Amino acid sequence: MHRGSGRAPARSGGKPGTALWDQAARWYDSLVGFKGSEYQQNIILPGTERLLDLKKGREVLDLACGQGVLSRHLAQKGLQVTGLDVSAELIRFAGRRSGRGVRFVCADAADPKALQDKTFDAVACLLAIQNIEHLQPVFENVRRWLKPQGRFVMVTTHPCFRIPRQTHWGWDEEKKIQYRRVDLYLSPNTIPILTPPMARSHVYTMTYHRSLQDYFAALNAAELQVDLLEEWPSHKTSEPGKRAKAENRARQEIPLFLALRAVRAKE
């Protein structure tokens, strides 16, 4: 599944305590642990910290924080962190792992009353925006939460190349290259994901695929302007073998994650 492993499960837009993620919280907490998955540790956390570019003491909102991997990472860097998630169970695990150094709040990211009187120097959302059904009210909240010079950093699995059940690796025997097949891109899609990903599992979460133009349109409608976009490849390499060179080339050419930074539009 994906908050940190390479795919992306989803969260409900319902009331706190009713999130689909409640039923998967224990599995997910054991999956990513205290420091996060290897993708988080090697790519996402250092990349996000660089894009945030904040001095010690600044206030950050970890939006859809899950069990608090980013919250703990930023708190250890000297930032004042608030984590928000609709799943009461994930918030419970976040509190257990993080101690008193981080404030966690159970609330819906799309609720206009969430953290109503609070503003932050930055808002970050890692591997979760694809799990949120209604995008527009979330981005409108992000703008409300940001201080005038604040930044919003969003990291997601790349929406062009990493769509559950709609993109796949393939091998061209004639050209001896590994390629990425894309069967659907422009059409929005709602995809149920077994969480954990086991044949006998009856628990699922939802992933919401959107195109880049959908994300940009929603950000623009919320008066958030993208000032930086990066595409991050995998850090992994293949074991030696006849396809290793082609596999490593494909990893570096076809990004795994999309990261963007947005700021409040000038009034």
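Strands E1 (residues 59-63) and E2 pair in the parallel sense over 5 bridges, where pairing requires that DSSP finds at least two bridges between two strands. Helices (H or I, at least four residues) and strands (E, at least two) are DSSP runs, numbered from the N terminus. This is a predicted model, in which local features need pLDDT of at least 70, side-chain atom pairs count only at pLDDT 80 or more, and totals for chains, interfaces and linings use all residues. Residues are numbered from 1 along each chain as its sequence is written, and side-chain values use heavy atoms, with hydrogens and water left out.

- In E2 (residues 80-85), 5 of the 6 residues are buried, meaning under 20% relative accessible area with a 1.4 Å probe and protein chains only.
- Leu84 in E2 stands opposite Leu63.
- E2 also pairs with strand E3 (residues 103-106), in the parallel sense over 4 bridges.
- Phe104 in E3 stands opposite Gly83.

**Crossovers**

- From E2, helix H4 (residues 88-98) and E3 complete a right-handed β-α-β unit; right-handed means that, with the strands pointing away from the viewer, the path from the first strand over the helix to the second runs clockwise.

**Helices H1 and H4**

- Helix H1 (residues 25-32) packs against H4 at an angle of about 35°, and their axes are 9 Å apart; axes are lines fitted to C-alpha atoms over the stretch in contact, and angles run from 0 to 180 degrees between N-to-C directions.
- Ala25, Arg26, Tyr28 and Asp29 in H1 meet Glu89, Leu90, Arg92, Phe93 and Arg97 in H4, contact being heavy atoms within 4.5 Å.

Conventions. Buried < 20%, exposed > 50% of the residue type's maximum accessible area, 1.4 Å probe, protein only.
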